[in-house]
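Let's walk through this structure together, one stop at a time. Keep the viewer open and follow along.

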Amino acid sequence: MSKVRTLLAAVVVSALLLMGNGSRTSEADTHRWIVGLATTCADVTTWWHSNEGEFDTDALDLVLCNGATTSGNQVWYQDYGYYADLEVWFLNHDTAYTSCTGVQAEIYDEVNGWYLGGIHYVHINAAAGVIGDSFVSSNNWNLELVGTVAGSQPAGCPFPDGPHLHQSNRTEIWALHNNSSLNDDDPGNAQVEVNPTGSTSSNWLHALEQWW
Amino acid sequence: MVVGALRLFAPLLVGFLLISCGDGDQQPSPQTSTTPEIELSENPVLGQDALVWVYDDASVENGATCLSLLDELVPVTERTKVEAKRATCHVTGQEALSLNFLSDSSQTLYIGSVQVILLSDIALPLATLTSSSGAQELPMCRDHLANLHLSTRHPEEALWRSACMILPPLKGAPLQTTQVVWATVPEASQVGPDEILPCWLLPKYMELSPSNDAKDVRCSL
């Protein structure tokens, strides 16, 4: 119940913030994804990095704020769409390079079927029923429970930092980009804090620009 | 558009606030007892200094990180049994990941347990916490000795890397029966290939690195 409340809070406040963001028009973002952890406060343990191997990805490693227990925390696909134009498929994380567990949301243009990129949630255990699931996105919040943060990883996965969410997108897709100017919502904190409800302009991690 | 959004979401927001007000996981009320009570802390604030309980003979340099003092921190279960003092240390991100503190009403922090990553034959099961957070607690490493990868085996035969917790021992206490097991640390850490450190000290070598490259080392549990 607490998770649901937290998620609801994140969605409600983020919706207000995103919809009131004047920069949306100039950036022409059609979709924005926020922190997948079901929380209103996440700490970045490793800034944007690329270590998934075969694809160009850029990721943040995220834990709950101030050392709260992250293992077992729910992870949601949380995308705000300005257009209802995507088809999203959930697959197991590609293990061709590492054996890390996870879920990747593969994103296609609903009309033409063009592949537009992927949002990856790694070091998580997939939720029951999510693999193989799909939906057509709305011009509103698009939410799906994708899993929970894992306490263990297969031996081929480096995992020296313990339980955390590694959230990335495939950056070789031109229309997908990361928020490199992500605000630190608590500068007094040693780590960058990403609070989905705490920034009026920079509370998203990945965005899809208009591609047509 | 903003007004429209407010109209749309205001009822949900109000509902959430009402629900939150009745939530049971609020901050504890101030303690009135004169006996220091130990309770789960809100964890040290990253980037700030913290008061920690260290052995009386500990030498603490200005600006020391709490992680560097790990072997000088008095375990919470032993806090009244040894000569000890308060010291100040700096909280970095790694403390939050690897160390579990408990605090008393004076905000002094006591080390409760430390997190390590050990090689194992199964994914060590998580236990559901009783708190309302819904998070799941990591298991105690010693509860799963039979599933850990002993140093007599080759590390590449291990199937999993599992996070688990260890209770730090009292300094100078007789050693418990130990097993030497395989653990994972960042590739760049200073642990040598022939070293066998106590597992509970491994967090001292867990510097975060963007690469996340790891290496396997042995430690005594």
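B:Thr108 counts as buried, at 0% relative accessibility; buried means under 20% relative accessible area, exposed means over 50%, and partly exposed lies in between, with a 1.4 Å probe and protein chains only. You will find B:Thr108 in the loop between β4 (99-103) and β5 (109-120) of chain B. Helices (H or I, at least four residues) and strands (E, at least two) are DSSP runs here, numbered from the N terminus.

Before going on, a word on conventions: this is a predicted model, in which local features need pLDDT of at least 70 and side-chain atom pairs count only at pLDDT 80 or more, while totals for chains, interfaces and linings use all residues. Residues are numbered from 1 along each chain as its sequence is written, chains are lettered from A and ligands numbered from 1 in the order in which they are written, and side-chain values use heavy atoms, with hydrogens and water left out.

Which residues surround B:Thr108, leaving aside its neighbours within four places in sequence? B:Thr108 is in contact with B:Leu51, B:Val52, B:Trp53, B:Arg86, B:Leu102 and B:Ser103, where contact means heavy atoms within 4.5 Å. The side chain of B:Thr108 also makes a polar contact of 2.9 Å with the side chain of B:Ser106. A polar contact is a pair of N or O atoms within 3.5 Å; within protein, one must be able to donate a hydrogen and the other to accept it, and residues adjacent in sequence count only if both atoms are side-chain atoms.

Now zoom out to the whole of chain B. Chain B has two helices and eleven strands, and along the sequence they follow the pattern α-β-β-β-α-β-β-β-β-β-β-β-β. Of its 221 residues, 41% count as buried. Among the contacts in chain B between residues at least 6 apart in sequence, 73% join residues at least 24 apart. Chain B exposes about 11,800 Å², and carbon and sulfur atoms supply 54% of that area; accessible areas come from the Shrake-Rupley method with a 1.4 Å probe, and for residues only the protein chains shown count as cover.

Next come the disulfides. In chain B the pattern is 1-2, 3-4, 5-6, with bonded cysteines counted along the chain. One of the pairs is B:Cys141 and B:Cys164, whose sulfur atoms are 2.0 Å apart. Their link is right-handed, with 100° about the S-S bond. B:Cys141 sits in the loop between β7 (136-137) and β8 (160-166) of chain B and B:Cys164 in strand β8 of chain B, so the pair ties together parts that are 23 residues apart in sequence. B:Cys141 is buried, with a relative accessible area of 0%, and B:Cys164 is buried with a value of 0%.

A:Cys41 and A:Cys65 form a disulfide with their sulfur atoms 1.9 Å apart, and their link is left-handed, with -80° about the S-S bond. A:Cys41 lies in the loop between β1 and β2 (42-49) of chain A and A:Cys65 in the loop between β3 (57-64) and β4 (74-81) of chain A, so this pair ties together parts that are 24 residues apart in sequence. A:Cys41 counts as buried at 16% relative accessibility, and A:Cys65 counts as buried at 11%.

What is the handedness of the link of A:Cys100 and A:Cys157? With 90° about the S-S bond, the link of A:Cys100 and A:Cys157 is right-handed, and their sulfur atoms are 2.1 Å apart. Both A:Cys100 and A:Cys157 are buried.

Finally, look at a sheet in chain A. Six strands form an open sheet in the order β8-β10-β4-β1-β15-β13 (chain A), with antiparallel pairing; two strands pair if DSSP finds at least two bridges between them. In chain A, β8 (124-126) and β13 stand at the edges, each with a single partner strand, so one side of each is left without a neighbour in the sheet. Neighbouring strands of this sheet are turned by 30° against each other on average, direction ignored; the axes are lines fitted to C-alpha atoms, for helices over the stretch in contact, and angles run from 0 to 180 degrees between N-to-C directions.

Strand β15 (residues 206-209) of chain A is joined by four bridges to strand β1 (residues 29-33) of chain A. Within this part of the sheet, A:His31 has A:Leu208 in β15(A) as its bridge partner, and A:Trp33 stands opposite A:His206 in β15(A). Three bridges join β15(A) to strand β13 (residues 176-178) of chain A, and these two strands run antiparallel. Here A:Leu176 stands opposite A:Leu208 in β15(A).

Note on methods
A disulfide is a pair of cysteine sulfur atoms within 2.5 Å.
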